[in-house]
Amino acid sequence: MAGFDKVVTSYEEAMAGLTDNMTVIAGGFGLCGIPENLISEIKRKGTKGLTLVSNNCGVDDFGLGILLPDRQIKKIIASYVGENAEFERQMMAGELDVELTPQGTLAEKMRAGGAGIPAFFTATGYGTPVATGKEERQFKGRDYILEESIVGDFAIVKAWKADRYGNLVFRKTARNFNPLAATAGKITVVEVEEIVEPGELDPDHIHTAGIYVDRLIQGTFEKRIEQRTVRPSSAQGKK
Amino acid sequence: MALSREQIAQRVAQELQDGYYVNLGIGIPTLVANYVPDDMEVMLQSENGLLGMGQFPTEEDIDADLINAGKQTVTMATGASIFDSAESFAMIRGGHVDLTVLGAFEVDVNGNIASYMIPGKLIKGMGGAMDLVAGADNIIVTMTHASKHGVSKLLSHCTLPLTGKGCIKKVLTDLAFIEIRGGKFHLLERAPGVSVEEIVTLTAGELVVTGDIPEMIL
């Protein structure tokens, strides 16, 4: 590795330095655009006591859900945690600390964390259980609550394409939380489907600049689909 | 007769206007997309980061990288755009979405809504619902008027944890179209064949009935 080249060649190297009790921010929405191999590497390493920041927690046998059986997650900050039986069991048993956070607030916590903004006011959650213990203030006659931003020891991100300098391009709705997570890690690790040489990506089309990226690795992905919904193809005619 | 899920969606669709950007929640709200009039252009926002959601894909067009907020595989309509989740909620919180339709467990006369948690029973999380109710000015809540056991869901005070405070102005149930104003429910329309008395009986919060209440036209 030299200069701005962020490429590493093994997942072990990609997640080096992750230790017990760290905070990890993960991109992805449901199972879409999740850094599946980086999650597998965390499972392999056996790191424990982690605080995970992610919109969801995967399903029982895929995504962040695979970190549950070995009790690697101490706390999760997420907006929606259905679809996962082991998760529910650990939460109900009080073995897993869950901080439910509105989706937009969660996205903004990451964005603000990466942008050096320590906290922000939002109307979201005012007057609800989310507001408990938070500062409230009125602006122009409306009520808002103060939400603190989040910075992770690590951020794990899935992008579609990158150049060796870590400039990233995401694909379709697999973008979701990934660009935000990328900005909010002290160490940001990105896995992609394809790595090209610097200069090959059009600078106008780069979604995340390489400055946010510390390590980059090319992987292969299962891309599991959570809800497979289809309509009949036109060849089959209408119902 | 109480409205079916499809009829609720059909009535909500009458509130659409040409050129509207609309966010539809999971369940009945999703069905509204099936009743957009042919001569009208409406763009659907999916809060995971898609504006211009299309129909479900054919088997050969399925793309794991293209899903909606319900995690279902979808397609993009002509003129669609993709963005990250912070930007998606900037649209929502910033009041740029023209109409939001979402479900609820309870609403009350002060415009409070409970829709995300039943303590001890259902603790899956609020997803984007708290942002949607806080950010949108034009919201329609769709729900059944009462439980299967006849317990009203239109209350003086919500009993479940709130999703939002004082943010709901319109509720469409299987029995009635109701406006919330001045700390009271106001009956605007009734489902075809449903009497005002029936609606009054199944509405726990104070309900104002002024003059003849028209039947919905579906």
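Mentor: Let us start with A:Glu99, which is partly exposed at 29% relative accessibility (buried is under 20%, exposed over 50%, partly exposed in between, with a 1.4 Å probe and protein chains only). This is a predicted model, in which local features need pLDDT of at least 70 and side-chain atom pairs pLDDT 80 or more, while totals for chains, interfaces and linings use all residues, and side-chain values rest on heavy atoms without hydrogens or water. Residues are numbered from 1 along each chain as written, with chains lettered from A and ligands numbered from 1 in written order.

Trainee: Which residue forms a salt bridge with A:Glu99?

Mentor: A salt bridge is a Lys or Arg side-chain nitrogen within 4 Å of an Asp or Glu carboxyl oxygen; here A:Lys75 is the partner, with the closest N and O atoms 2.9 Å apart. Because A:Lys75 lies in strand 3 and A:Glu99 in strand 4 of chain A, the pair ties together parts 24 residues apart in sequence (strands are DSSP E runs of at least two residues, numbered from the N terminus).

Trainee: Which salt bridge joins two chains?

Mentor: B:Asp63 and A:Arg171 form one, at 2.7 Å between the closest N and O atoms, and since each lies in a loop of its own chain, the pair joins two chains. B:Asp63 is buried at 13%, whereas A:Arg171 is partly exposed at 23%.

Key:
Helices (H or I, at least four residues) and strands (E, at least two) are DSSP runs, numbered from the N terminus.
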